[in-house]
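Have the model open as you read.

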Amino acid sequence: MASILPASNRSMRPDRNTYDGKSFVHVKNPYLDTMDEDILYHLDLGTKTHNLPEMFGDVKFVCVGGSPNRMKAFALFMHKELGPVEGGEDIEDICAGTDRYCMFKTGPVLCISHGMGVPSISIMLHELIKLLHHARCCDVTMIRMGTSGGIGIAPGSVVITDTAVDSFFKPQFEQVILDNVVTRSTELDKELAEELFNCSKKIPNFPALIGHTMCTYDFYEGQGRLDGALCSFSRENKLDYLTRAYKAGVRNIEMESTVFAAMCRLCGLKAAVVCVTLLDRLHGDQINLSHDVLAEYQQRPQLLISNFIKKKLGLCDIS
Ligand SMILES: O=P(O)(O)O[C@H]1O[C@H](CO)[C@@H](O)[C@H]1O
Ligand SMILES: O=c1cc[nH]c(=O)[nH]1
């Protein structure tokens, strides 16, 4: 019979493997050490086929987002922003051997796409976190950059998440393991969120705020849209739900933040979620922005994160 295991399950407490003041990635799987080889199947990488410490050992910032093209664009942007580096203008997809995800590295910044929804990002995160572990990376900051639907805020606003919540506005992620439901905390690093927010204030005309982000398992019915192939609720039901979400502190809705927050937390990784809103869900469901406006909105999280990374690397004029 299925049982609910408590969030405080001892072996799953957030932890930092800290040596000499450095924070290492904490994988929590005793079987990993007994394996002769670890094949990161969906990334087309492996511990025997690739020298992971040499390829990735210097990674300090991991930026993830749904779309492969957006992640490539961000990687190219960072590549230019980090100054002249070897290898010219272009960067190669490290996961070119698979079409599941794409991955680009420029200096200490790794950019990876994760597709849409919890199962897709979860698979990527298992393999990415093992990669960081095998590569012996330390002091890594993880940032999800994405798009979202806003609630009660102007389209184009960038929401920096303090806590990711589920569809019941609870700060938790429920993972089904065998036939148990294991509940995990989705708290994010508050200091990191504040740091990003302070960074946003230095960018002219940059609408940003800190708030809760609701993560759903679906874009249509799961987000209370009236325009899916199925809809069994009224406009009033929808507005009542979104209004209650707003009152609970939710400012935007997307589809990956809870599992991202929960997995990073358990593995001792500092994490942040930064998403631009494409519409105000209190005013509609369809995303009808022009191509140019959509492109500009999608660049907003990228601009903020690039400024943040440059500041952390001592490459930025903003203090
Ligand atoms: O913009 P990305 O990162 O894809 O994220 C959001 O957009 C997708 C839905 O259009 C979902 O994956 C949601 O989380
Ligand atoms: O409304 C929206 C827009 C982008 N992504 C979502 O998940 N929802």
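## Arg225

The side chain of Arg225 has a polar atom 3.0 Å from the backbone oxygen of Phe219; a polar contact here is a pair of N or O atoms within 3.5 Å, where one must be able to donate a hydrogen and the other to accept it, and residues adjacent in sequence count only if both atoms are side-chain atoms. Arg225 is buried at 1% relative accessibility (buried is under 20% relative accessible area, exposed over 50%, partly exposed in between, with a 1.4 Å probe and protein chains only).

This is a predicted model, so local features need pLDDT of at least 70 and side-chain atom pairs pLDDT 80 or more, while totals for chains, interfaces and linings use all residues. Residues are numbered from 1 along each chain as written, chains are lettered from A and ligands numbered from 1 in written order, and side-chain values use heavy atoms, without hydrogens and water.

## Gln223

Gln223 is buried too, with a relative accessible area of 3%. Its side chain makes a 3.1 Å polar contact with that of Thr216.

UniProt, in an unreviewed entry, puts a "binding site" feature at Gln223 and Arg225; positions follow the numbering used here, feature names are shortened, and annotations may be inferred rather than shown by experiment.

## Strand E15

Strands (E, at least two residues) and helices (H or I, at least four) are DSSP runs numbered from the N terminus.

E15 runs parallel to strand E9 (residues 141-150), joined by nine bridges; pairing takes at least two DSSP bridges. Arg144 sits opposite Val273 of E15.
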